[in-house]
Amino acid sequence: MAPDHRFETFLTGPMHDYFVSQTHFEVNGTWPYGERSHGILGVLESYADLLGVPPDAKIITDYLHLLSRQKLKGHALCPCGSGKRLRDCHSDDLRRLSQRIPSFMAKRMHATITPRKAA
Ligand SMILES: [Zn+2]
């Protein structure tokens, strides 16, 4: 399915949830949809949700490493950690993700959670 970029969808989706969330917090002092951790943990949690994987740094890093390539190769090891080849495991999931997350974006996401090497 093609992503829905209509303004109406933005208003009734993320904007609606944002204002419901803010209002709920101001009234009750708690966040209705839960709260992410601060710092790198929160980033990993959001990436895990986006990728549909557990919030495990190694799995997320391996998924993003694979998605940052121009082409997915079936003989590559599956990033889920099963030890199987991609073609025998999460190949369909990875293809779907690569439609939503372009390789340049996966590279940026990967860089965000990978410690920089000392110069
Ligand atoms: Zn897999």
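Predicted model: local features only at pLDDT ≥ 70, side-chain atom pairs only at ≥ 80, totals over all residues.
When the angle between two axes falls between 65 and 115 degrees, the pair counts as roughly perpendicular.

H3 and H4 pack with their axes 10 Å apart, at an angle of about 65°. H3 and H4 are therefore roughly perpendicular to each other. As for handedness, H3 passes H4 in a right-handed crossing. Which residues of H3 and H4 meet here? On the H3 side you'll find Tyr63, Leu66 and Leu67, and on the H4 side Leu94, Leu97 and Ser98. Sorted by class, that contact has five nonpolar residues, one polar and no charged ones.

Now look at what H3 does with H2. Helix H2 covers residues 39–51 and helix H3 covers residues 57–67; their axes come within 10 Å and cross at roughly 60°. That angle makes H2 oblique to H3. This crossing is left-handed. From H2, the contact uses Leu44, Tyr47, Ala48 and Leu51, while H3 brings in Ala57, Ile60, Tyr63, Leu64 and Leu67. By class, you get nine nonpolar residues here, with no polar and no charged ones.

Time to step inside. In soluble globular proteins, nonpolar side chains tend to be buried together. Here, the largest nonpolar core has 21 residues, and Leu51, Ile60 and Leu64 are the ones that touch the most other members. H2, H3, helix H4 (91–100) and helix H5 (103–113) are the elements that each give two or more residues to this core. H3 gives the largest share, six residues.

Setting aside its neighbours within four places in sequence, what is Leu51 in contact with? Its partners are Ile60, Tyr63, Leu64, Leu67, Leu97 and Ile101.

Finally, let's visit another helix. Ser21 sits in helix H1, which spans residues 7–28. Is Ser21 buried or exposed? Its relative accessible area is 12%, so Ser21 is buried, as that label goes to anything under 20%. Not counting residues up to four places away in sequence, Ser21 touches Trp31, Pro32 and Tyr33.

How values were computed. Residues numbered from 1 in each chain as written. Heavy atoms only, no water. Axes fitted to C-alpha atoms, helices over the stretch in contact; angles between N-to-C directions. Helix = DSSP H or I, 4+ residues; strand = E, 2+ residues; numbered from the N terminus. Parallel < 35°, antiparallel > 145°, perpendicular 65-115°, else oblique. Left-handed = near helix turned anticlockwise from the far one by under 90°. Contact = heavy atoms within 4.5 Å. Nonpolar A, V, L, I, M, F, W, Y, C, P; charged D, E, K, R; others polar. Core = buried A, V, L, I, M, F, W, Y, C linked by side-chain atoms within 4.5 Å. Buried < 20%, exposed > 50% of the residue type's maximum accessible area, 1.4 Å probe, protein only.
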